[in-house]
Amino acid sequence: MTANHPHPSAALAEFAANLRFEDIPAPVLRRAEDLLLDCLASILAGANARAVQAIERYAAAMGPASGPAQVLITRRQTTPLFAAMVNAAAAHVVEQDDVHNGSVFHPAAVVFPPALAVAQALGRSGKDLLVAAVAGYEVGIRVGEYLGRSHYKIFHTTGTVGTLAAAVTVGRLLNLNAEQMLHALGSAGTQAAGLWEFLRDAADSKQLHTAKAAADGLTAAYLAQEGFTGARRILEGAQGMAAGMSTDADPARLLDRLGQRWALAETSFKYHASCRHTHPAADALQQAMREYKLRDSDLAEVVAHVHQGAIDVLGPVVDPKTVHQSKFSMGTVLALIARSGRAGLAEFDAALGDQDVAGLRGKFRMELDPEVDSAYPERWIGKVTVRTTDGRVLHARVDEPKGDPGNTLSRPEIEEKALQLGVYAQAATEAEIRGLIDAIWNLENLAHVGALLPAK
């Protein structure tokens with residue numbers, strides 16, 4: 001589909017409403033399964049986070065104590081609305097869920113929780129779930145690209161665009177027609193929200209962003225099924241999302257090779273348990289430490305050469321007060337890489353009160369790099385300059401961070417990551433995660449999506 005359609009919102013709605021399993025290439029379906037498993041493991045890893053527990057208590061107080069959809073972190077059953085809300089909150093807290101570089105959007109956290117909850121409620125098949133998820137990814141990623149870098153500077157794209165992606169996902173499971181899907185987009189867009197200011201205070205808002213995006217998108221789709229109308233040009237209208245939330249919106253991105261370019265396949269897995277903006281520099285420092293056989297005591301100063309988006313998001317975090325906030329601290333992430341060679345969940349848990357990490361953190365700083373910035377967000381280049389205590393100046397560069405499509409995780413690596421995440425918060429046993437892996441690899445053949453984990 002060309003980018004010259006006179007009504008892009010309607011074109012996206014038509015695509016999502018009419019997408020069929022047979023339209024989607026097999027490699028895209030396999031990648032969707034990979035991303036689903038990665039997301040489910042991230043949900044389980046987030047089970048014990050304080051913010052997630054607060055949202056779960058809220059959901060338990062406000063929602064029914066029984067229903068067709070499963071809250072994965074507790075195994076209790078409730079309605080799709082509240083299951084999607086809690087699961088989406090949990091998916092985004094340990095910073096291991098996926099990311100699409102060009103849109104700077106984390107689709108899994110806002111697509112798979114409502115997809116799973118509604119598929120369970122409606123008795124949909126594994127194929128139905130996959131089609132709905134692909135529709136949500138394709139629309140959500142393009143809207144994120146459309147709204148551009150100016151949007152991301154202030155707005156958390158996963159919260160804003162995620163609301164539309166969730167609406168499309170649920171709308172596809174509800175079999176909305178193109179007109180209804182357009183109204184679902186309108187109702188989703190008018191609810192879209194999420195601001196970065198929370199990072200300055202180590203606040204819990206990031207989990208609310210994904211929880212509300214999933215729940216509000218679901219609400220928009222169900223209302224559209226009831227004949228509830230929404231703005232028909234919520235994206236490109238004179239008082240639509242781009243008008244209010246962007247200064248560099250690019251309409252050509254909305255329909256870019258729609259149905260031919262599969263944006264889902266461009267999505268990256270997160271290797272480190274931290275904000276994706278830290279990953280390129282972390283990979284480059286890993287390379288430098290290995291290549292030059294350095295220890296953390298050898299480092300006098302390290303400059304991470306970054307894009308402006310990294311400075312915008314990570315810059316406010318200079319003295320992290322919580323484990324989650326520390327994942328947005330470039331100094332903390334690079335200190336863990338220098339000390340341990342990795343920045344995983346256990347390393348972050350141990351680092352918060354560690355004075356050695358705090359002291360090492362001061363040796364790292366970010367610097368805007370024109371090459372890195374001009375390549376972003378399509379490419380996330382990692383570059384570091386290391387000055388050693390013996391006076392050497394060393395350089396390292398990574399053009400494609402671990403987890404990106406050209407440097408992706410294999411299925412065995414995805415399974416290993418799922419096992420590590422799934423047992424992290426003791427929300428599931430290793431045997432249960434292995435059963436979950438088998439279920440997702442066989443999802444296409446599942447006649448009815450039910451509870452993925454046994455009741456406790």
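1. Helix α1 passes helix α6 in a right-handed crossing, where right-handed means that the near helix is turned clockwise from the far one by less than a right angle, and left-handed that the turn is anticlockwise. The helices named here (DSSP runs of H or I, at least four residues) and the strands (E, at least two) are numbered from the N terminus. The model is a predicted one, in which local features need pLDDT of at least 70 and side-chain atom pairs count only at pLDDT 80 or more, while totals for chains, interfaces and linings use all residues. Residues are numbered from 1 along each chain as its sequence is written, and side-chain values use heavy atoms, with hydrogens and water left out.

2. Two packed helices are described by the angle between their axes and the distance between the axes. For α1 (residues 8-18) and α6, the axes come within 9 Å and cross at roughly 165°; these axes are lines fitted to C-alpha atoms, for helices over the stretch in contact, and the angles run from 0 to 180 degrees between N-to-C directions. That angle makes α1 roughly antiparallel to α6, on a scale where under 35 degrees is roughly parallel, over 145 roughly antiparallel, 65 to 115 roughly perpendicular and the rest oblique. Leu12, Phe15 and Ala16 in α1 meet Ala135, Glu138, Val139, Arg142 and Val143 in α6, contact being heavy atoms within 4.5 Å. These residues divide into six nonpolar, no polar and two charged, with Ala, Val, Leu, Ile, Met, Phe, Trp, Tyr, Cys and Pro counted as nonpolar, Asp, Glu, Lys and Arg as charged, and the others, Gly among them, as polar.

3. Helix α6 (residues 126-154) also packs with α7, their axes coming within 8 Å and crossing at roughly 155°, which makes α6 roughly antiparallel to α7. This crossing, too, is right-handed, and the residues in the contact of α6 with α7 divide into 13 nonpolar, seven polar and two charged.

4. Helix α7 (residues 157-173) in turn meets helix α10 (residues 205-225), where the axes come within 7 Å and cross at roughly 40°, and the two helices are therefore oblique to each other. On the α7 side the contact includes Gly159, Gly162, Ala166 and Gly171, and on the α10 side it includes His209, Ala213, Gly217 and Tyr222. The residues of this contact divide into nine nonpolar, eight polar and one charged, and the crossing of α7 and α10 is right-handed.

5. Asn101, Arg149 and Leu199 supply 30% of the area that domain 1 buries against domain 2, more than any other three residues.

6. Most residues other than glycine have a negative phi, and most peptide bonds are trans. Asn175, in the loop between α7 and α8 (178-189), has a positive phi near 60°, and Gln426, in the loop between α19 (411-424) and α20 (430-441), has a positive phi of about 55°. The peptide bond from Tyr376 to Pro377 is cis, with omega near 5°, and Pro377 is found in the loop between α18 (370-375) and β5 (382-388).

Key:
Buried area is the accessible area (1.4 Å probe) that two parts lose on being put together, summed over both.
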